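Hi,

Here is the structure I promised to pass along. Have a look at it first, and my notes on its charged side chains follow below.

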Amino acid sequence: MGVAAGRVDVLFDRLTDVAVTSKRVEAEMIALIAEFDERRLYLQHACSSMFAYCLRELNLSESVAGNSIQLARASRRFPRLLEELAEDRIHASGLRALVPILTEDNVEALLT
């Protein structure tokens with residue numbers, strides 16, 4: 001195998017590792033937002049809402065902030081959501097589509 005081919009393999013492996021890691025980091029961020037929101041810690045930073053905190057302090061876009069907060073709040077009710085996201089068994093966009101219809105009775109079936 002040539003040097004160029006070896007370099008491509010390293011890049012491929014690294015990109016794959018980063019993609020997997022990003023899912024875990026996304027799940028962790030949503031878990032932290034859930035805790036921050038539940039404890040209303042955004043008030044200590046002169047923000048009137050979790051949304052305002054995400055925009056001003058975390059520099060998230062409006063759509064990312066809104067989606068993250070929606071998933072964070074749902075994850076407090078259904079902790080398995082974060083596990084599924086962290087393990088890359090479902091994408092955040094898929095979870096957002098499920099959140100409005102999730103109930104105690106259907107969560108396991110819908111996530112399976």
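A quick definition to start: a residue is called buried when its relative accessible area is under 20%, exposed when it is over 50%, and partly exposed in between. Please keep in mind that this is a predicted model.

I went through the salt bridges, and the count comes to eight. In general, side chains of opposite charge can pair when their charged atoms come close.

How accessible are the two partners? Asp 37 is buried, at 7% relative accessibility, while Arg 73 has a relative accessible area of 42% and so falls in the partly exposed class.

Asp 37 also meets Arg 76 in a salt bridge, at 3.4 Å from N to O. Here too the pair links distant parts of the chain, with Asp 37 in helix H1 and Arg 76 in helix H3, 39 residues apart. Arg 76 counts as partly exposed, at 36% relative accessibility.

Another salt bridge joins Arg 56 and Glu 57, with 3.3 Å between the closest N and O atoms. Both partners are partly exposed: Arg 56 has a relative accessible area of 49%, and Glu 57 has 40%.

Best wishes

Note on methods. Residues are numbered from 1 along each chain as its sequence is written. This is a predicted model: local features need pLDDT of at least 70, side-chain atom pairs count only at pLDDT 80 or more; totals for chains, interfaces and linings use all residues. Side-chain values use heavy atoms; hydrogens and water are left out. A salt bridge is a side-chain nitrogen of Lys or Arg within 4 Å of a carboxyl oxygen of Asp or Glu. Buried means under 20% relative accessible area, exposed over 50%, partly exposed in between (1.4 Å probe, protein chains only). Helices (H or I, at least four residues) and strands (E, at least two) are DSSP runs, numbered from the N terminus.
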